[in-house]
Every structure is written in C-alpha cells, then in structure tokens.
Amino acid sequence: MTKDIDDIAPRREDDAASRECGSCSGGCGQCGGCQSKTPRGNLHCYNWLGDIPGGFADFDMVEVQFKNTRKGFYKNSSNLQLAIGDMVAVEASPGHDIGQVTLTGQLVALQMKKANIKPDAEIRRIFRKAKAADLEKYEEAKAKENDTMIRSRKIAESLKLNMKIGDVEYQGDGNKAIFYYIADERVDFRQLIKVLAETFKVRIEMKQIGARQEAGRIGGIGPCGRPLCCSSWMTNFVSVATSAARYQDISLNPQKLAGQCAKLKCCLNFEIDTYVESVKRMPGRDITLETADGTFYHFKTDIFKREITYSTDKSVPANLVTISAERAFEIISMNKRGEKPEKLAVEGSEKPKERKEFVEIVGQDSLTRFDKAKKKKKKKKPQGGEPKDGPKADNGKNGGNNKNTAGQPQRQPKQQRPQQQQPLRNRQAKQLRHEPSPDNNKPKDSAPYSDNQQ
C-alpha cells in the first residue's frame, strides 16, 4: 500500500516547499523542507494518508533511517511534532543514535507488518530532535568510518582471519561501532574484537552480511546504467535460480547473468512471472508435429511474437519452419484425430525474406582504407621493329609514300634512349660517349637525312 518515491516526486517537492523555514537556502538541516530534498535512499515512500484531517492517520510509531539501508521503528512517546526529513536522537545501547525520519502516521504500521516485527518486540523511543551539538558529534563520528575500516582490515589480515570487513558504521554519539564483514565459513573473531576495542576505544559489534547485502551497502551502477536495485529501492532479497534465465531464453553465460555481488542478478526475477504465464499459452516443447513431409521437433520459441520454430532433426537445426502458436495448436488437434497436413505452414503464409544488402556509407569498414593507392605502371612500347598492332597507317603528311625501306634502320623514339637524356657525371663516361662506335660508323639519325638527300 506504499508508493515509490519516483511516482510522487512532484507532489513531495510541493510539500517540502511549504515546510521550509524561509531563512535558509535549502541546506540548514533543521527544517523538514530542507531535509526532504536530500538524495533518495532505500525504502523511501510517500505518506499518502498524511493529509487526512481529524487525526485519523496519526500514529505514535516513527520510521527512522540510519546509514545506508539500516532502518528502525521508534516510539514517539514525547508527542514531538515530527516531519519527514527531521534529524532525531533515538535510544540506543549504550547512549543514543542519530537518524533521519523517513515515515510517520498509519503507514508505519504497514511497514512494521511488512518487516515482520512482532507486537511483543522491544520498542525503543525517540529522545528529542537533534541539536546542533548532536549533529556536530555525529559528523565527527562519520568522518572516522573510512579510516577505521581500512585499519580494521589490516588488523584482521595480521590475525590471519579469512574474512573481509566491508563497512563500518559509528553510532551517533561515537561510543559504538558496527563492523559489517563477509566470510565464507565460520570465523572466530574473539581476539579481533579485543584488538579493535583497544585500538579504537569504542564498543565493538560484529555483523555478518552476504555478498548482496554488501553490494547494497556500498552501492554502484549496474550494466543497465541505473543505480543498483539493492541500494536504491529493494526491501528484501529473494533467491534467484538459473531456471529464471531458462524461462526467458537467456543464454546461460555466467559473466552476463552475475551482478556486482558475483551472484545471479536480482532483476532476473522481475519478469519471470510474465514469462511463465506466457509459456502456459504456448504448445509444449516436448510435443512433435506429424505432417506428410515428416516429423517436426521443437527448436525455439519467440514468446513476444507467439511464434514457434520447428526442425526436422531433433538435435540439429535442419529445414527450419516458423509457424504461429495458433497453427501449432491446429496441427496438434489434427494429429490427435489421426490426420496429417501436407505442410507444416499454411500455403501462402510464408513470405520470402528479402535479404538486405549491406551498404557502406562512410567507408569505415574497408580494411584497406589506410593503404596508399598504387600507381598504375605504363606499358612499355616494344624496342625496334613494328608494334604489335602492326604498322601505323600513313596520315598523308609525306605524300602517301613511305620512304623508309626495310633495309634502312628506323629512328628510335626518345623514350628508348634514357642514357642520352640523363647526363653522366663521370668524366670518363663522357669521353666514351663522344667516341665513335666501331660497329656503326654512321650515327643513328643519319638515315632520314640520307633519304632526303636522295
């Protein structure tokens, strides 16, 4: 009968604005309006019975929250005017503790019933609203918690105890400290308590918690991008089994199914009831369908589309056919009557799936996008003789007569004489270049001039 704070955040802000003291900027810690603007914690709910007139919703029990997820119920024996967000000093053993009021009125009775608090249980009382001196001492005790936790871990390690101290919580007056630890087996920490009491000069209390409780106390961000459920709104921890993943057709990958506490994620149980109800309206997985083409076995089920895929082989996917749940029930009823349909799927119901071609828009998927483009090599022309395509036709510049005879040497193109284009730096090479060749006394360019002279 309680509503989560996320659903009533706007209404709560309006109520907080009406309760502000007016002389502060929203952070004095003395008025209900300022404290109600603190970050949301665990088990926060809206008192939707608080605006009932006539005092019908009044109740002498108050819900008080301490560090992280620890809460308690205390009796307002002094009839103090308390509002959600007030800091109060409550009875503790020994001394007093400082906490924040999170709920008042008749809803506290429902919360006590939900927490399984028996009527004959010992109920402690609220002393007073926290004063400035109480809050100052409370802040000093909180400042020592981190250093105390680190030092206590070193002490436990020196005593060779197989345990991990996950958190330390000081009482509001600083006279007592609660050490939360994790251990896989029973640990004899009597010597540890003596050493801790001598070191920190306070009363020591040891509380064993599980991995999920530790994650709830420390907090963090889950793979969904939101704060952990165990540290934000969950009230109790329910056992999670791998059958929850099987019902939802989730792959049994330990790395995906485990949370930050190294246990199965609590969110696996959130939708399991819906999946179980949906599976009941689907054909069983052990039912086989008989057709004229053969026997079909269950392969997979799509609960959201209410479609089932069947295979002709029991162990290997072969000749897969997907049909609706209604068609599967129809074939099951036909098999019970001794009839076999010709095909598993209805004719015309199977639409060929168009395979979409991959279109690369940006060009980031190419493996050779960073490689340098290779330059195309030019084809070398054959040296001497006619080209492969045959002699070039005369364009008529020489009057249509080809004066070069077969016996005379042809003029070589300039590209075939790289030695004449590049000057030689060696002096001897230059001298050899100007000397006449013994084999050919005439220069190579003399052939066309001799033709002109003739």
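## Helices α5 and α6

Helix α5 (residues 145-158) packs against helix α6 (residues 190-200) at an angle of about 140°, and their axes lie 11 Å apart. Axes here are lines fitted to C-alpha atoms, for helices over the stretch in contact, and angles run from 0 to 180 degrees between N-to-C directions. Helices (H or I, at least four residues) and strands (E, at least two) are DSSP runs, numbered from the N terminus. α5 and α6 are therefore oblique to each other. Angles under 35 degrees count as roughly parallel, over 145 as roughly antiparallel, 65 to 115 as roughly perpendicular and the rest as oblique.

On the α5 side, the contact uses T148, R151, S152, I155 and A156; on the α6 side, it uses L192, V195, L196, T199 and F200. Contact means heavy atoms within 4.5 Å. The residues of this contact divide into 6 nonpolar, 3 polar and 1 charged. In this count Ala, Val, Leu, Ile, Met, Phe, Trp, Tyr, Cys and Pro are nonpolar, Asp, Glu, Lys and Arg are charged, and the others, Gly among them, are polar.

## Basis of the model

This is a predicted model: local features need pLDDT of at least 70, side-chain atom pairs count only at pLDDT 80 or more, and totals for chains, interfaces and linings use all residues. Residues are numbered from 1 along each chain as its sequence is written, and side-chain values use heavy atoms, with hydrogens and water left out.

## Overall make-up

The protein has 15 helices and 12 strands. Of its 454 residues, 31% count as buried. Buried means under 20% relative accessible area, exposed over 50%, and partly exposed in between (1.4 Å probe, protein chains only). Among contacts between residues at least 6 apart in sequence, 59% join residues at least 24 apart.

## Nonpolar cores

A nonpolar core is a set of buried Ala, Val, Leu, Ile, Met, Phe, Trp, Tyr and Cys residues joined through side-chain atoms within 4.5 Å. The largest has 21 residues; M163, I165, F179, L192, L196 and M206 touch the most other members. At least two residues of this core come from each of α5, β6 (164-170), β7 (176-182), α6 and β8 (203-208).

M206 touches M163, F179, Y181, F189, L192, I193 and L196, not counting residues up to four places away in sequence. Another core, of 13 residues, lies apart from the largest one; L289, F296, V321 and L344 are among its members.

## Individual sites

R327 sits in helix α12 (residues 325-336). R327 is buried, at 12% relative accessible area. Beyond its neighbours within four places in sequence, R327 contacts P341, K343, L344, A345 and V346. T104 is in the loop between β4 (96-103) and α3 (107-114). T104 is also buried, at 17%. With neighbours within four places left aside, T104 contacts N47, V62 and L82.

E139 belongs to helix α4 (residues 132-143). Its relative accessibility is 46%, so E139 counts as partly exposed. The C-alpha atoms of E139 and G172 are 8.2 Å apart, across 33 residues of chain.

## Backbone geometry

S93 and P94 are joined by a cis peptide bond, with omega about -5°. P94 lies in the loop between β3 (87-91) and β4.

K201 is not a glycine, yet has a positive phi of about 60°. K201 is in the loop between α6 and β8 and is exposed, at 70% relative accessibility. N319, again not a glycine, has a positive phi of about 50°. N319 is in the loop between β11 (307-311) and β12 (321-324) and is exposed, at 57% relative accessible area.
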